Amino acid sequence: MSKKGRKVRREGTFGIIVGAGMMGALLLAGLLIPLFGKYDANEISAEQLMSPSSTHYFGTDMLGRDVFARVFDAVFVDIGTAFTGVLIPLAVGTIVGTLLGISRNRRVNSFIGSLIDGINAFPFLIFVIALVAFLGAGLGSIILALSLVNWARYARIARTRAVVVNQQGYVEAARTLGYKPTRILFRHIIPNVSSETRAYALSDFIIVIIAVAALSFLGLGVNPPQAEWGAMIKDGANIITLAWWAAIFPGLAICWAGISVAVFSEGLTKRIGEGNQQ
Amino acid sequence: MSSDVKLLDINNVAIGIKRRKRETLVIVREANFDVNYGEMVGIVGESGSGKTMICRAIIGTLERRGASVIGGEVFFEGLDLRTINEAKWKTLRGKVIGYVPQSALAGPNPVLTIEKQLAEALSQVEGTGSMKNRSKELLDLVKIRRVDTVMKQYPYQLSGGMRQRVMIACALASKPKLLIADEPTTGLDVTVQSQIMELLREIRRDLGTAIILISHDLALVDEVCDKIVVMHAGATVEVGPTSSMATPRHPYTVALNSSRIDVAKPGGELLTIKGNPPSVGQWNPGCRFAERCDYVQQDCLVGEHPALSGNKGEHQSACLHSEKIGKI
Amino acid sequence: MEVENVSVTFGSGSSTVEAVKKCSLTVHAGEPIGIVGESGSGKSTLARVMAGLQPPSAGEIRFRGDNVFKGNKSFQSGNRNQVQMVFQDPYGSLNPQLTGLSAVAEAVRIHTKVGKDEAEQKALELLERMGIGKLDALKRPRQLSGGQRQRVSVARALSANPTVLLADEPTSAIDQSAQAQLLKLFLGLLNDGLAIVLVSHDLGVIRYLTKRVYVMKDGVFVESGDTETVFNDPQEDYTKMLLASIPGELGKAARAKLKR
């Protein structure tokens with residue numbers, strides 16, 4: 001039995017591969033360059049503000065440190081912080097939102113529901129900035145602030161979805177089949193709710209990457225001399241006309257990170273969309 | 001055969017969806033049937049048989065889904081629908097050709113009152129009298145009582161059957177020559193179903209509208225239609241006048257007939273068709289029903305899909321061995 | 001199984017709806033019964049109560065003599081699995097993230113406490129009996145047709161080894177050919193000794209499968225009796241109307257009778 005036509009390549013593969021590749025390359029560079037690179041990110045290795053050359057690919061900053069080394073030294077700091085800052089709200093928000101969605105307890109529902117709506121009413125960045133300022137600068141504060149603010153956004157999505165999922169036939173079937181409530185919750189309800197929150201997480205990731213850099217730009221992030229993109233941009237912004245490389249390269253790194261996630265998530269959306277096409 | 005212009009003539013039509021670059025997924029191939037003025041034609045087939053796609057071709061909504069007619073001709077009153085542009089479609093769609101979507105899916109616009117929906121449909125057409133009166137006439141046509149109340153209501157306040165009647169009313173606003181009803185009763189109770197069928201019959205009788213009824217239910221179609229078209233895996237495998245179709249000449253129709261609940265004895269033999277319809281894009285050479293066929297022979301598995309025997313208007317079958325049917 | 005004077009009321013205060021009003025029926029082992037009525041007749045609500053999904057507002061449901069909703073708990077643990085249900089919508093009945101095999105294997109594991117591999121084996125056998133081959137068992141619901149999904153649902157329900165199977169409009173959302181397959185399946189299950197309660201608006205389906213039928217309208221049983229008798233000699237006007245609506249030959253015969 002021969003099949004007519006060759007196998008159709010699945011939609012979205014391009015985006016998925018390119019996106020993952022870009023992020024993967026960035027992470028790999030963030031790993032290898034600090035280990036094997038020519039210069040240390042914090043050593044003053046040459047004159048200040050030297051333009052990009054064959055020895056200092058990205059030039060040097062105003063303290064004479066190699067920008068190339070610094071940009072990649074910051075990879076895990078920025079992306080790691082952003083990642084954690086998305087993971088925690090995702091986990092917490094999904095669980096709280098789901099529990100809320102399936103609970104029939106009116107009082108709990110309206111209390112926490114109002115809390116969620118209240119938090120969501122505030123503009124995200126302003127709230128986070130205020131919290132970080134309150135908690136004191138530092139990566140830990142950033143992650144904490146992000147978690148405290150963002151969980152509510154995930155919880156809202158999770159709650160709406162959980163209400164729908166809870167009414168679906170397979171959940172009822174699970175009940176008829178006598179499955180334990182914990183099993184129903186964790187095996188049937190949460191996976192189907194988290195599909196939505198995970199999708200949101202991807203787009204949120206991009207925003208958070210930028211938010212982390214923005215906070216550092218405002219001076220609320222890492223402590224010097226740790227390299228970090230936002231801080232580097234802040235230092236470089238003053239001298240941008242003199243030494244464009246000090247600010248532009250960290251900026252490009254942020255763009256690269258953001259674009260890689262965006263392309264990946266587009267590809268993933270197309271792939272899932274293909275599956276739903278009937 | 002006759003030189004009279006038919007209302008609709010589907011001639012060896014193939015429909016494909018364009019995937020990336022050179023790949024085209026063929027979803028309909030060798031679709032053949034015609035519809036005369038005032039005729040009620042039933043198109044029967046399982047999901048994926050292509051019955052809905054063919055109707056999209058007639059209504060001109062293929063482009064939207066990235067599909068197009070890639071072979072054969074679609075003649076409407078002698079006009080080849082493949083050649084017309086969007087402007088011309090606008091004069092046909094909703095005016096001369098009406099469409100009623102599946103009852104389970106679409107439906108009236110949830111944010112508009114019934115009155116507004118009907119007005120919208122009527123605004124496309126010339127007519128005498130106020131919009132309100134014309135709307136009431138339409139609701140009368142579909143046998144809705146308490147017209148004044150219903151006019152002010154929103155779709156969610158109506159039952160499934162009522163909503164479907166409203167959709168039919170909108171489609172009839174322009175007194176079309178051809179009405180395509182796509183699974184109009186799926187998901188509705190049998191009582192409502194029989195009412196809607198009765199309604200369609202009356203519409204045909206009183207307005208002379210030709211109706212294409214798409215369904216998966218052979219019993220339903222058998223009862224109301226003049227002609228039955230059976231589709232399987234994108235091809236028309238049998239077509240003919242209902243009376244003649246009582247003795248089917250294609251194994252698929254035979255199987256469909258044997259799986260009808262209304263003629264089965266309680267608790268008795270209920271024949272089912274083995275296997276499942278082949279997935280789109282995974283058609284094997286030869287007859288696409290061969291894998292599921294009880295009468296399959298060697299030559300059914302190779303070459304092109306069998307063509308329909310005879311001529312349009314007769315009882316045609318796309319089976320190479322139709323004479324063997326009933327003699328196993 | 002016995003349903004005695006069961007009523008189910010929804011809502012509270014001024015806006016209450018009595019979906020089921022004092023209905024009673026009995027299910028005997030291996031006996032197929034049908035509950036027929038239009039949408040809104042309360043038949044689905046009754047089925048859900050019988051399946052233990054919600055408690056009745058009044059009346060009792062007994063399974064093998066035990067009150068199903070003792071206290072506020074439903075079903076004492078031993079019997080809970082004996083009454084299973086298949087729902088109308090094949091699209092929502094299965095967890096979209098699980099393959100047919102996973103869904104059925106999960107049910108098998110929970111009910112028979114066997115290891116993972118053995119459960120999968122049993123699941124495959126069960127699915128095979130339902131006409132779902134190995135290849136299809138590994139597909140996710142969205143890759144399966146409506147009829148196939150229903151059969152997976154039935155397989156899942158059967159893994160609990162129930163004595164009573166409630167089917168709420170199992171054929172309404174699927175093609176005619178898939179309907180035939182599903183009904184044939186049910187017939188086979190009947191022969192194996194399963195008691196089936198079929199809820200439907202389609203009398204043709206009821207006639208094919210059941211021996212006793214209860215005609216429900218607005219929460220009440222307006223007529224009940226042996227299926228054959230109700231079909232050939234309906235007493236109530238409502239029943240006659242339902243019979244006349246069946247598409248095809250059955251309906252034609254009923255309509256002819258009506259005219260006389």
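# Buried loops, crossing helices and chain contacts

Author: Let's start in chain B of this predicted model, where E183(B) sits in the loop between β7 (178-182) and α7 (190-207).

Reader: Happy to. Why does E183(B) count as buried?

Author: The cut-off is 20 or more other C-beta atoms within 10 Å. E183(B) has 22 C-beta neighbours inside 10 Å, so it counts as buried.

Reader: Let's turn to chain C. Where is E169(C) found?

Author: E169(C) belongs to the loop between β7 (164-168) and α6 (176-191) of chain C. Its phi is positive too, at about 45°, although E169(C) is not a glycine.

Reader: How do you know whether E169(C) is buried or exposed?

Author: By counting again. A residue needs 20 or more such neighbours to be buried, and E169(C) has 22 C-beta neighbours inside 10 Å, so E169(C) counts as buried.

Reader: Zooming out, how many helices and strands are there in chain C?

Author: Chain C holds 10 helices and 10 strands.

Reader: What makes chain C as compact as a globular protein of that length?

Author: Set its value against the globule rule. For 260 residues the rule gives 18 Å, and the radius of gyration of chain C is 19 Å, close to that, so chain C is as compact as a globular protein of that length. Its C-alpha trace spans about 60 × 45 × 35 Å along the principal axes. Of the 260 residues, 55% count as buried. If you take the contacts between residues at least 6 apart in sequence, 63% join residues at least 24 apart.

Reader: Good. Now to chain A: why are α8(A) and α9(A) called oblique to each other?

Author: Two packed helices are described by the angle between their axes and the distance between the axes. Here the axes of α8(A) and α9(A) (residues 229-237) come within 7 Å and cross at roughly 45°. Angles under 35 degrees would be roughly parallel, and roughly perpendicular starts at 65. The two helices are therefore oblique.

Reader: Is that crossing left-handed or right-handed?

Author: α8(A) passes α9(A) in a right-handed crossing. Among the residues that meet there are V212(A), L215(A) and F217(A) from α8(A), and W229(A) and I233(A) from α9(A). By class, this contact has eight nonpolar residues, two polar and one charged.

Reader: Which residues count as in contact between chain A and chain C, and how many are there?

Author: The test is C-beta atoms within 7 Å of each other. On that basis 15 residues of chain A are in contact with 21 residues of chain C. In chain A, α7 (169-176), α8 (181-217) and α10 (245-276) give two or more residues each, and α7(A) provides the largest share, six residues. The chain A side has five nonpolar, eight polar and two charged residues.

Reader: How many residues of chain B are in contact with chain C?

Author: 28 residues of chain B are in contact with 29 residues of chain C. On the chain B side, α7 and α8 (218-224) each supply at least two residues, and α8(B) gives the largest share, five residues.

Reader: What is the side of chain B that touches chain C by class?

Author: That side of chain B has 11 nonpolar, 10 polar and seven charged residues.

Technical notes: Residues are numbered from 1 along each chain as its sequence is written. Chains are lettered from A and ligands numbered from 1 in the order in which they are written. This is a predicted model: local features need pLDDT of at least 70, side-chain atom pairs count only at pLDDT 80 or more; totals for chains, interfaces and linings use all residues. Helices (H or I, at least four residues) and strands (E, at least two) are DSSP runs, numbered from the N terminus. The radius of gyration is taken over C-alpha atoms; the globule rule is 2.2 Å times the number of residues to the power 0.38. A residue is buried if 20 or more other C-beta atoms lie within 10 Å of its own, exposed if 12 or fewer, and partly exposed in between; C-beta atoms are placed from the backbone. Two residues are in contact if their C-beta atoms, placed from the backbone, lie within 7 Å. Ala, Val, Leu, Ile, Met, Phe, Trp, Tyr, Cys and Pro count as nonpolar, Asp, Glu, Lys and Arg as charged, and the others, Gly among them, as polar. Axes are lines fitted to C-alpha atoms, for helices over the stretch in contact, and angles run from 0 to 180 degrees between N-to-C directions. Angles under 35 degrees count as roughly parallel, over 145 as roughly antiparallel, 65 to 115 as roughly perpendicular and the rest as oblique. A crossing is left-handed if the near helix is turned anticlockwise from the far one by less than a right angle, and right-handed if clockwise.
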